[in-house]
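Me: Hi! Could you walk me through this structure? I'd like to start with the pocket and then look at the aromatic rings.

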Amino acid sequence: MILARSIVGILAAGTLAFAFTLHAQTPPTEFRPLSEPVQRFVDAMVQAHGFDRAALHDLFAAIEPSAGVQRAISAPSTAKPWHEFRPLFVDPSRVENGVKFWNANADLLARAESRFGVPAAVIVSIIGIETRYGRYIGGFRILDALYTLAFEGERRPDFFRGELEQFLLLAREQGWDPAQIKGSYAGAMGWPQFMPSSYRRYSVDFDADGGVDLWSSMADVIGSVASYLAQFGWKTGEPFAVQVQVEGDPEQLPGIGYEPAFTVAQWRMRGVDAPRETPPGLSGGLFRLDLADGSEYWLGFENFYAVLRYNRSRHYAMAVWQLAQEIAAAREALTPAVP
């Protein structure tokens, strides 16, 4: 009996020591130090927005940087050449499901087009490219993604710190638990993949229920995409882009880039031959698309530039436009002719 008690005592002491060892290795979040940049961020959130310091400390102390986020941000699909990028996003599945989405939400799309001036096909295309109509809205915790990119990443950390600030403000406004919201590796959310700052500034309560829900309300999803493009300069009825021929070396031309630098008439004076029917007063930017066997050049107009404000990639913008055209054509082909 004495021996048994001794063994039990030894085991109990060992278990207690092991427990203390684990406790020492993983202290409660309130005792875990934050890095200096994270601590400065917490201080700024407390001073500028009145957040509770202890609650923010606990929130950030529990976060581990995400290797998955770092891998994903280092190899975005938009970095692929156009001839590889296009088939990934302008594909039969997106066209077919785009027609179905349009038919299921025709009234909402018509109302959004009427109010904001953005064609239904373009709205449908963006939702299809972003999340395949809600099938892939992202499985990363937004908090992990933005924390990793803001404090552990090398690409645009200031931008992501700003988005982390906006996300915490958004979560407080919406009554969300910030640790529970999921989205893309870059911190984008919902069917239209809005970054937190865009969610706060450009989303709209299109179903008039008193809040904005970019996961479950198709009215809010559709209205917010249209509102975003309208606020960034979408011009109703104007062309998107035209392919051009260029004399000499296009890369040496002043003004080459995405922004609408010159009018069509001014580009023609610089050796850029746009189709004859292109209005000479339209402003456009000259850009290149890389094909498997060479390059082609395009002028992108104000509407092209508006889509670039959604995602600053010429490949993304062109995919939106071309997918929109294919969806519209497929839907029209399936619509019975009115006698």
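**Pocket and rings**

Reply: Happy to! This is a predicted model. The largest pocket has 43 lining residues, and those nearest its centre are Glu130, Tyr185, Ala186, Tyr310 and Asn311.

Me: Nice. What volume does the largest pocket have?

Reply: About 1500 Å³.

Me: And which helix gives the most to the lining?

Reply: That's α11, with four residues. Helices that each supply at least two lining residues include α4 (67–74), α5 (82–89), α8 (120–131) and α10 (157–174), along with α11 (196–202).

Me: How many nonpolar, polar and charged residues are in that lining?

Reply: The lining of the largest pocket has 24 nonpolar residues, 10 polar ones and nine charged ones.

Me: OK, rings now. How many aromatic pairs are there in the whole structure?

Reply: A search of the whole structure turns up 26. One of them joins Tyr310 and Tyr316, which are stacked, with 6.3 Å from centre to centre and 10 degrees between the planes.

Me: Are Tyr310 and Tyr316 buried or exposed?

Reply: Both Tyr310 and Tyr316 are buried.

Notes
Residues are numbered from 1 along each chain as its sequence is written. This is a predicted model: local features need pLDDT of at least 70, side-chain atom pairs count only at pLDDT 80 or more; totals for chains, interfaces and linings use all residues. Side-chain values use heavy atoms; hydrogens and water are left out. Rings of Phe, Tyr and Trp (its six-membered ring) pair if their centres lie within 6.5 Å; planes under 30 degrees apart count as stacked, over 60 as edge-to-face and the rest as tilted. Buried means under 20% relative accessible area, exposed over 50%, partly exposed in between (1.4 Å probe, protein chains only). On a 1 Å grid over the protein atoms alone, a cavity is a set of points where a 1.4 Å probe fits but cannot get out, and a pocket is an open set with protein on both sides within 12 Å along at least five of seven lines; lining residues have an atom within 4 Å of a point. Grid points are joined across faces, edges and corners, and a volume is the space filled by probe spheres set on the points. Ala, Val, Leu, Ile, Met, Phe, Trp, Tyr, Cys and Pro count as nonpolar, Asp, Glu, Lys and Arg as charged, and the others, Gly among them, as polar.
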